[in-house]
Amino acid sequence: IQSSHTATTISGKSLCILNEERENMKIILVLLFMAPVALLADKDYFSVDSAGSAETKSRFAMLDDVRILANGLLQLGHGLKDFVHKTKGQMNDIFQKLYIFDRSFYELSLQTSEIKEEEEQLRQTTARLQINNEEIKNLSQEMNLKIEDLIQNKIQLQEKVWGLEDKVTKLAIIQPLMQETKEISSLKAFVEQQDNSIKQLLKIVEDQHVQLDRQHKQITELEDKLNHIEFQGLMENSFTEEQPEPETIPFPVLKATAGRHRSDGAAPDCTALYHSGERFSGVYTIKPNGSEAFDVYCEMKFGTSWTVIQKRVDGSLNFNQTWDAYTKGFGDLNEEFWLGLNNTYSITKQGHYILRIELQDWKGNKRHIEYLFSLGGPDTNYTLLLSRISGSIPNALPEQTELQFSTADRDLDAKHDSNCPENFLGGWWHSECEETNLNGKYVTPRSRARLDRRKGLYWKPKKGRYYLLKSTKIMIHPTDLKSFD
């Protein structure tokens with residue numbers, strides 16, 4: 001639309017120039033025809049005022065007037081000729097510019113059409129994959145139900161077989177009848193048939209799970225492609241120009257105060273505190289199973305409570321700490337802090353947990369991403385394993401890869417010669433240097449040096465630029481509360 005408007009403007013200007021030239025031509029022609037009339041009028045006036053000198057007027061005077069008039073007309077012709085050549089040159093320039101603009105506009109239209117077609121194809125493919133994924137999930141559920149029924153039937157048949165074996169043992173002594181022997185044989189054949197059916201169903205279910213994993217990877221790749229298309233026109237250090245996504249909080253959440261809340265009983269994490277009746281964000285004391293009690297920050301949101309394990313808001317706390325500091329934890333739970341690897345492990349070893357990362361850039365845009373994850377203990381150097389499940393940003397952390405935690409004084413990433421925590425500041429689960437590091441140096445957008453930005457707090461997708469962050473928050477939440485009952 002903007003290109004069409006520009007073309008209309010250029011065409012309008014060209015028409016204005018042509019109209020102006022036409023007006024100038026008209027004025028020149030009027031002057032050209034008025035010049036002889038003026039000279040003849042001057043001649044008649046001179047003859048009247050000469051007091052009867054009409055008979056004595058010289059013939060050479062009329063010849064001089066003609067020469068003057070001819071000279072004026074000649075000069076006027078030369079000027080008119082130069083003006084015509086100049087006008088032609090300007091018109092040729094205008095037509096050449098219009099041709100170049102039309103050509104560029106046509107090429108831009110073709111590129112726009114191709115981009116729209118590719119985006120539509122991606123959306124259609126995503127929709128088809130989602131439909132197939134739903135069908136496969138339904139089929140898997142049906143298969144699971146059938147398998148459960150078959151397992152129950154197998155158990156019942158095994159019980160019958162055991163009873164028949166006892167019966168056979170007794171009958172072996174008293175010579176069993178032929179009819180009972182046939183019954184036992186038929187039951188054994190039926191049990192073997194049921195076993196074969198169960199094995200076939202288990203194989204089908206395994207194939208379905210493999211297909212589901214493949215579909216999940218394809219959907220994840222398509223989501224990343226769509227997010228990459230949305231991110232192509234963004235400015236550096238900003239996620240998007242759209243409004244931050246709203247977060248619905250169904251109950252009032254108060255700001256954390258400097259005080260500490262103590263609940264009755266030993267709650268294993270913040271989610272258990274919420275189900276026991278706590279409704280306000282703040283610092284609480286928890287006691288996971290098999291560990292000592294310690295303080296955590298609980299954030300009440302989305303109709304539940306999350307245990308916060310990392311928070312950064314203004315760069316007031318230096319995260320370039322030692323291995324012991326990252327193991328025990330550091331900072332103020334009401335401001336910036338790291339909960340500690342030991343404390344986090346004592347919580348997550350109770351069951352399965354979700355890891356949620358919330359990010360905010362320097363324009364106030366908020367994004368998040370969630371993973372299924374597992375965290376190893378001290379004997380594994382707190383190995384982290386991630387699997388992305390949802391989010392509003394492209395993934396920037398390795399999935400299905402065992403990542404060991406490293407600090408500047410204890411680099412456990414043997415795949416690289418350089419010390420990633422020492423070169424890029426802050427302890428993290430490094431897989432390769434210059435990747436995403438949410439415990440790096442806090443850098444503001446005024447620091448324009450490239451090296452400083454890569455040492456800073458940023459989110460770096462695999463295909464994309466570095467996005468400098470203003471604040472981060474890492475939280476965990478159990479996937480199943482039955483283990484706490």
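Reader: How many of the residues of strand β8 are buried?

Author: This is a predicted model, in which local features need pLDDT of at least 70, side-chain atom pairs count only at pLDDT 80 or more, and totals for chains, interfaces and linings use all residues. Residues are numbered from 1 along each chain as its sequence is written, and side-chain values use heavy atoms, with hydrogens and water left out. Strands (E, at least two residues) and helices (H or I, at least four) are DSSP runs numbered from the N terminus, and buried means under 20% relative accessible area, exposed over 50%, partly exposed in between (1.4 Å probe, protein chains only). Strand β8 covers residues 366–375 and is mostly covered, the buried share being 7 of its 10 residues.

Reader: Which strand is joined to β8 by 8 bridges, and which by 7 bridges?

Author: Two strands pair if DSSP finds at least two bridges between them. The 8 bridges come from an antiparallel partner at residues 353–361, strand β7.

Reader: Which residue in the turn between β7 and β8 has a positive phi?

Author: β7 and β8 form a hairpin, with 4 residues between them. The positive phi in this turn, about 85°, belongs to glycine 364.

Reader: What is the N to O distance in the salt bridge of glutamate 370 and arginine 356?

Author: Arginine 356 has glutamate 370 as its bridge partner in β8. Their side chains also meet in a salt bridge (a side-chain nitrogen of Lys or Arg within 4 Å of a carboxyl oxygen of Asp or Glu). The pair links distant parts of the chain, 14 residues apart, with glutamate 370 in strand β8 and arginine 356 in strand β7. Both glutamate 370 and arginine 356 are buried, and the N to O distance is 2.6 Å.

Reader: Which residues are linked with Arg356 and Glu370 in a network of salt bridges?

Author: The count of salt bridges in the model comes to 8. The network that holds Arg356 and Glu370 also takes in Glu299, Lys301, Glu358 and Lys473.

Reader: Where do arginine 123 and glutamate 119 lie, and what is the N to O distance of their salt bridge?

Author: Both residues lie in helix α2, 4 residues apart, about one turn of the helix. Arginine 123 counts as partly exposed because its relative accessible area is 43%, and glutamate 119 is partly exposed at 26%. The N to O distance of the salt bridge is 2.8 Å.

Reader: Which residue meets glutamate 107 in a salt bridge?

Author: Helix α2 spans residues 59–173, and the two partners are 4 residues apart in this helix, so about one helical turn separates them. Glutamate 107 is partly exposed, with a relative accessible area of 40%. At 3.8 Å, N to O, the partner of glutamate 107 is arginine 103.

Reader: Which cysteines does the disulfide join?

Author: A disulfide is a pair of cysteine sulfur atoms within 2.5 Å, and the count comes to 1. The S to S distance is 1.9 Å for cysteine 270 and cysteine 298. One lies in helix α4 (residues 270–275) and the other in strand β3 (residues 294–301), so the pair ties together parts 28 residues apart in sequence. The link is left-handed, with -75° about the S-S bond, and its two buried residues are cysteine 270 and cysteine 298.

Reader: Which side chain makes a polar contact with the side chain of serine 387?

Author: Serine 387 is placed in strand β9. Leaving aside neighbours within four places in sequence, serine 387 is in contact (heavy atoms within 4.5 Å) with residues including Tyr371, Leu372 and Glu399. A polar contact is a pair of N or O atoms within 3.5 Å; within protein, one must be able to donate a hydrogen and the other to accept it, and residues adjacent in sequence count only if both atoms are side-chain atoms. At 3.4 Å, the partner of serine 387 is glutamine 400.

Reader: Is tyrosine 382 buried or exposed?

Author: Tyrosine 382 is placed in the loop between β8 and β9. Its phi is near 55°, a positive value in a residue other than glycine. At 2% relative accessibility, tyrosine 382 counts as buried.
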